[in-house]
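Open the model in your viewer and keep the selection panel at hand. Each stop below says what to select and what is there.

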Amino acid sequence: MAAIQPSAAGTAAGTRITIYRHSGVVRITHWISVLCMTMLLMSGLMIFNAHPALYWGNISDFDHPAFSIGAIRTPDGRSQGQMLLFGHRFDTTGVVGLTQGPDGQKLARAFPPWMTIPRYYSLADGRQWHFFFAWLFVLNGLFYLGYSLLTRHVRRDLIPSQRDLRHLPGSILEHARLRFPRGEAARRYNVLQRLAYLLVIFVLIPVIVLAGCAMSPRLDAGFPWLVNLFGGRQSARTMHFIVAWLLVAFVVVHVAMVMLSGPWNNLRSMITGRYVIETDREGT
Amino acid sequence: MKRRQLLLAGAGLLAGCDRIVQTPQVRQMLAHTEDITRTVQRLVTAPGALAPEYTAADISPTFKGNGTIDPDDEDYQDLAAGQFKDWRLDIGGLVAHPAKLSLDDLRAMPSRTQITRHDCVEGWSCIGKWKGVPLGSLLQQVGLRQGAAYIVFHCADRLEQSLSAPKYYESIGLEDAFHPQTILGYEMNDQPLPVRHGAPLRLRVERQLGYKMAKYVMRIEVVNDFSHIGSGRGGYWEDLGYSWYAGI
């Protein structure tokens, strides 16, 4: 959040001030990340479809996956989508495992075409798209990180202060009641925002990138600690999958918060940088 | 009505995506990504860096047999029926001394044994113990000629059930060819290499994915470039769109 050039307009209720909320670099890297994460998720699901099962450790115990999605034939001869999780089997027909294909035929595929890139089954193409956007995502992320450290964006806007942290329980209650900071308090990221962004930027994304690297046989030769860090290559693959869905969960909550706390104002601030806050009285 | 419009718009968008995916310019851009990945991975890892090796306790109880697990080629079937006594590894191309080696010849050469992890492009991994002749020492023995750049492995198996289908082949560069863990394996888990896993001889390239590790190797050809072989992309799966560099 850069320096504020307020353009105030008084109304009966209070004052509307337009502030410059997001710098150009933050805005551009944000939208490149949106594109990359979308493409990485969808091409990643295509790659997963090639062997839709996850394991812990170094090797695949094919008969006992920790998680799997597939299509089975029931004893009475029907086909059924099935997800296996923690030893429990769930009927997922119509969602994953077995769905209606584009031609109306039943399609036995872990993640259905609308969720994958490309839509048609191609592990080769899925990998190519995944690696292209992986490079773009990492370079974009490093650029953002370098910029944010240099301009103290991290220190100033992301790391919560003692006061922020003391307000954590209060902030959780406010969010639960869908009451968001207004007025002067809306100038800054609130404490839950700060913690969520820090978690994504400094934990989830580094972990998913490292887990991805740990799946590369060449990088495992150069950096044997990489695969050991995750407790084996299959563990790294499983972590990569789990963190991908944690990032999806973050995006769902993030977009929900944007919608609930003023979709247009938020969206504009991430496009033009300008964000309107309303204060009760002038000069607060 | 609204829902229908939304669905149509969604379908249009997705169809558009698939069209973008298949344009030549986009293909080109993606191909460059492979070059970047290869170059960077080679820059950040030492040329001789060894793939992790494991202990006997780590060996997979069942090692998945993938791709062809029993070639239906008649000549191959005859060789297998004779315990591969008549099998000869043909080494030619840009070499000073072309050779035909029997299994006994290979077994008499210095060998390397390694317990390594096999990572399939599909995502699964198995650990196995392999014994074989280091490819580098074999290549030194036959001597590479000027211009030698790639080692091509011609195999006995066809993945598609048709006689006109291409036979499996693969290729690697010299850096991997002379890597100490790159071996022509004739034993797996202390037993003669089973047919399922590529008898009598398969390649192990431990820093790349499984599809590089050609099974049922019949002939080794040293070449300057591989554009005249198959569809010209360096391997059976490469000809179908997979990347030649499989270190990732």
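Select domain 1 (1-44) and domain 2 (51-239) of chain B. The centres of these two domains of chain B, taken over C-alpha atoms, are 34 Å apart. The domain bounds come from an automatic or database domain assignment.

Before going on, note that this is a predicted model, in which local features need pLDDT of at least 70, side-chain atom pairs count only at pLDDT 80 or more, and totals for chains, interfaces and linings use all residues. Residues are numbered from 1 along each chain as its sequence is written, while chains are lettered from A and ligands numbered from 1 in the order in which they are written.

Helices (H or I, at least four residues) and strands (E, at least two) are DSSP runs, numbered from the N terminus. Buried means 20 or more other C-beta atoms within 10 Å of a residue's own; exposed means 12 or fewer, and partly exposed lies in between, with C-beta atoms placed from the backbone. Gly143(B) follows H5(B), with a positive phi near 75 degrees.

Next, select Asp190(B), in the loop between S7 and S8 of chain B. Its phi is positive, near 70 degrees, and the residue is not a glycine. Asp190(B) is exposed, with 10 other C-beta atoms within 10 Å.

Move to Pro200(B), in the loop between strand S8 (191-192) and strand S9 (202-204) of chain B. A cis peptide bond joins Ala199(B) to Pro200(B), with omega about 0 degrees.

**Chain A: confidence and sheet**

The mean for chain A is 92, and 94% of its residues reach 70 or more. Residues 2-6 of chain A stay under 50. Where pLDDT is low, the predicted coordinates should not be read in detail.

Chain A has 10 helices and 9 strands. Four of the strands form an open antiparallel sheet in the order S3-S4-S5-S6. Its edge strands are S3 (53-54) and S6 (88-91) of chain A, each pairing on one side only. Strands pair if DSSP finds at least two bridges between them. S3(A) is joined to S4(A), residues 67-73, by 2 bridges. Zoom in there: Leu54(A) stands opposite Phe67(A) in S4(A).

**Chain A: two loops**

Select Pro118(A), in the loop between strand S8 (106-109) and H2 of chain A. The peptide bond from Ile117(A) to Pro118(A) is cis, with omega about -10 degrees. Then go to Arg152(A), in the loop between H2 and helix H3 (153-158) of chain A. Arg152(A) has a positive phi of about 65 degrees although it is not a glycine. Arg152(A) is exposed, with 11 other C-beta atoms within 10 Å.

**Last stop: where the chains touch**

Show both chains. The contact takes 31 residues from chain A and 36 residues from chain B. Two residues are in contact if their C-beta atoms, placed from the backbone, lie within 7 Å. On the side of chain A that touches chain B, H2(A) gives the most, with 7 residues.

Technical notes
pLDDT = per-residue confidence, 0-100.
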